[in-house]
Amino acid sequence: MAKTKTNTEDYLRMYRQMVRIRSFEDNANQLYLSAKMPGLTHMYSGEEAVAVGICEALKVTDKITSTHRGHGHCVAKGAEFKEMFCELLGKEEGYCRGKGGSMHIADQSNGNLGANAIVGGSMGIATGSAYTAKLLGKDDVTVCFFGDGATAQGLMYEVMNMAALWNLPVIYACENNGYSEYTRTDEIAAGSIIARAEAFGIEAHQVDGQDVLAVNELSEKLVARARKGEGPFFMELMTYRYHGHHVGDINREYYRSKKEERDWKDNRDPITRFRGWLVEQGIASEGEIEAMNAEIKKDAADAVEYALAAKYPDEAEVDMHVYTDVKHALA
């Protein structure tokens, strides 16, 4: 019989997952800066409590759709470092055999239907996934992650209308990090974001996206209700991205101040806040946490070295997974 998980185990796992995301992003950023990784990537650092708080409420068979800033969602849903770094570096052991890269990682084994470089592009996929679960009589729930900028996309309103009419088991999770690329959210989003969902009769909540326990508590409740057929739901998670819009966005002072960035890092960092709570509650000591941090840092560094030395796909694969009439594409 499997051992019943205690709250202590859950808390430590959530902390570990947040640190794993931060460590992954730190290494991905260095790969870009050292010109070892092709293309751009978009860092999730600072938003870890959102992905972890939500994904910890999901089963492996539950589905998620991700965004161009999707590494955190992938890791929180169960992705491994080696396969992730191989994907970023275009290696054949990556989740998509190196052909998806940073913005198109999919991990079907853990219910991750894929990251999407199109703003709001996965909303239809997520809603379709929820519709599929309902048609097949499954109790799977789908979570659709997207940023505040995606609330200006018409697709969001089309799919929310459908989801509300058909009571679909989908949760729309808006990660409001304060900026739509280089523009403040309040300059591109008129009115209240949660009111947009409420206009369709969808129950909507706003939560502190830097508080992993608050995110997880709300997520557990909404996921359970969606599983019983009470969906859809909408969440606006107030969070912050530490890096620029992408790794090349270095000088950000023309659209946000260093003082603002420093305030979020010093006073509202989700990992620091949760670490302090774990120590305060006697769940883990500073020494235990430092040991965990060191272990994760080493795991990430080892995975990077492995991925750098890994093989690229064979050139014969150039048309694989592209054309259905190519025989090996179906292999």
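Glu317 and Arg97 form a salt bridge, with their closest N and O atoms 2.5 Å apart. Glu317 sits in the segment after H12 and Arg97 in the loop between helix H4 (81-88) and H5, so this pair ties together parts that lie 220 residues apart in sequence. Please keep in mind that this is a predicted model.

**Around Glu317**

How exposed are the two partners? Glu317 is buried, at a relative accessible area of 9%, a value that falls under the 20% cut-off. Arg97 counts as partly exposed, at 28% relative accessibility.

Glu317 also forms a salt bridge with Lys99, and here the closest N and O atoms are 3.2 Å apart. This pair again links distant parts of the chain: Lys99 belongs to the loop between H4 and H5, 218 residues from Glu317 in the segment after H12. Lys99 is partly exposed, with a relative accessible area of 40%. Through shared partners, salt bridges join Glu92, Arg97, Lys99, Lys311 and Glu317 into one network.

The structure holds 27 salt bridges, and one more that is worth a look pairs Asp139 with Lys59. Asp139 is in the loop between helix H5 (123-135) and strand S2 (142-147), while Lys59 is in the loop between H2 and strand S1 (63-65), and the two are 80 residues apart. Asp139 is partly exposed, with a relative accessible area of 36%, and Lys59 is partly exposed too, at 37%.

| Salt bridge | Closest N and O atoms |
|---|---|
| Glu317 and Arg97 | 2.5 Å |
| Glu317 and Lys99 | 3.2 Å |
| Asp139 and Lys59 | 3.4 Å |

**Helix H11**

Let us turn to a helix. Which residues of H11 (residues 270-280) are buried? They are Pro270, Ile271, Phe274, Arg275 and Leu278. Looking down the axis of H11, these buried residues fall within an arc of 125°, so they line one face of the helix. On the face of H11 turned away from the buried side are the exposed residues Thr272 and Glu280.

What covers the buried residues of H11? The cover includes helix H1 (7-33), helix H2 (48-55), helix H9 (212-227) and helix H12 (286-309).

The two ends of H11 have their own details. At its start, a side-chain oxygen of Asp269 comes to within 3.0 Å of the backbone nitrogen of Ile271. After H11 comes Gly282, which has a positive phi near 75°.

Methods:
Residues are numbered from 1 along each chain as its sequence is written. This is a predicted model: local features need pLDDT of at least 70, side-chain atom pairs count only at pLDDT 80 or more; totals for chains, interfaces and linings use all residues. Side-chain values use heavy atoms; hydrogens and water are left out. Buried means under 20% relative accessible area, exposed over 50%, partly exposed in between (1.4 Å probe, protein chains only). Helices (H or I, at least four residues) and strands (E, at least two) are DSSP runs, numbered from the N terminus. The arc is that of the directions from the helix axis to the C-beta atoms. Contact means heavy atoms within 4.5 Å. A polar contact is a pair of N or O atoms within 3.5 Å; within protein, one must be able to donate a hydrogen and the other to accept it, and residues adjacent in sequence count only if both atoms are side-chain atoms. A salt bridge is a side-chain nitrogen of Lys or Arg within 4 Å of a carboxyl oxygen of Asp or Glu.
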